[in-house]
Amino acid sequence: MKILPTITCLLIFTFHLQKSFSQTEIMINSIPDILEIECNDSPAGYDTQLVYDWIDDFINNAVVDNMCQDPDNNYTWSHDYTEQAADDICFGFISVSFTVTNSCGENAMTYGDAIIEDSSEPSLLAPSISEHTLLCDGNGNIIGIQDIIDNNFYFDPATDNCDPNPTLNYNLPNFNCGQTYDVDFYAMDECGNPSDFHTVTFNIISLNVSFSMSNIPVSESAPSTNVCVTLDNPSPEDIIVEITATGGTASSGVDYTAIPATQDITFPANTTDEQCFTVNLIDDILVEANETILFEISDVTSNFLAGIGNQASTQITILDDDDNDNDGVENTVDNCPDHFNPFQEDFDDDNIGDVCDDDTTISEISEFQDYIYINRPFSGVIVRSLDGQCWVMVVQNDGTLNTVAVTCPD
């Protein structure tokens, strides 16, 4: 029996797997830095060239994975920036899209942000006048401050790279007369950036006119007297003061020569020298009460609106000198003009009043029916008081007694 050998066949199938597509892809593996730009006063509100430079810098340095089977590995860039204006004068936010496209027509996109902001301070130059002398009138009002405010405190307008009109900022105190104040000024833009500070000094002075005295006593025998006014601080310009005669008990043409109803006196600029006018008096021989002439400051004329001080009125008091001892007897007929003797007692009839006559002895005394008789009119009895003073008791026409001090007899 013939045994046929067993034959085993091994069929080997070979499979060749070939990709039927190409792997094409583009990817941006970097992102642009955030761009911070200082705003300015250009139409766009910032420097647009800085954005273009930022775009170019990113494109030139971006990392791109390009899987397109292109021997040159070419790709191109584009962006959507078109110089749009900033959203706000002090802040703007611009988002720029960057697109890269390869030769296979594939693209990738990323975004970059540009921030426009104002961080620079305004410029404020020092004022042309940094110290002001302001006047304070009699009512405590500050004269001249409104003019300084209207002139913007003599600051030139502030400038800023973004805000065309930065605000001048200051805080004025409640000014008081006679005080000095330092006030800080600065400019502020719309973004809240302050400028450098400048200090302005305000000297508040009073500029008031007053009479030198409230009462001017003068004897009627004096030929004249002066009425004077004072100025408490020098004025940059002349000050004219109007004085009005307002009356009094003295009579014009009788007690003093006529004076104008109103008259002006002038304080020259930059001086506080006392200014006066003269009133001429008329002496008489009438025994009369003291008399007055009244004056008041009725107006003050000045470009600085100077005021009237606390002493706005005064008076001349004419002291009557026709009765030195005020006993009611005129000096020319008073037998003792410097001693009070209203009854003019004169025991020895020598025309010298007993109160000032050393010779007051009585020449005739007689006795009549147990009475002592003194024959001289105005004679009396001399008695000595406990303190050693001698007095004459004189009987008046109505029978009343009057005592007069005399020199004690030896």
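Guide: Asparagine 270 lies in the loop between β16 (262-267) and β17 (275-280), where helices (H or I, at least four residues) and strands (E, at least two) are DSSP runs, numbered from the N terminus. This is a predicted model, in which local features need pLDDT of at least 70 and side-chain atom pairs count only at pLDDT 80 or more, while totals for chains, interfaces and linings use all residues. Residues are numbered from 1 along each chain as its sequence is written, and side-chain values use heavy atoms, with hydrogens and water left out.

Visitor: Is asparagine 270 buried or exposed?

Guide: Buried means under 20% relative accessible area, exposed over 50%, and partly exposed in between (1.4 Å probe, protein chains only). Asparagine 270 has 59% relative accessibility, and therefore counts as exposed.

Visitor: What is the phi of phenylalanine 153, and where is that residue found?

Guide: Most residues other than glycine have a negative phi. Phenylalanine 153 has a positive value although it is a residue other than glycine, with phi near 55°. Because its relative accessibility is 1%, phenylalanine 153 counts as buried, and its place is the loop between α2 (145-150) and β9 (167-170).

Visitor: Which residue of β11 is the bridge partner of tyrosine 181?

Guide: Two strands pair if DSSP finds at least two bridges between them, and strand β10 (residues 180-188) is joined to β11 by six bridges, the two running antiparallel. Strand β7 (residues 131-136) is also joined to β11 by six bridges, but runs parallel with it, and there leucine 134 stands opposite isoleucine 204. Seven of the nine residues of β11 (residues 198-206) are buried. In β11, the partner of tyrosine 181 is phenylalanine 202.

Visitor: Which strands stand at the edges of the open sheet of four strands?

Guide: The order in this open sheet is β17-β14-β12-β19, with mixed pairing. Each edge strand has a single partner strand, so one side of each is left without a neighbour in the sheet; these are β17 and β19 (307-308).

Visitor: Which residue in β19 is the bridge partner of asparagine 208?

Guide: Strand β12 (residues 208-211) pairs with β19 in the parallel sense, over two bridges. Within this pairing, the partner of asparagine 208 in β19 is glycine 307.

Visitor: Where does aspartate 47 lie, and is it buried, exposed or partly exposed?

Guide: Aspartate 47 lies in the loop between β2 (35-38) and α1 (48-61). Its relative accessibility is 34%, and therefore aspartate 47 counts as partly exposed.
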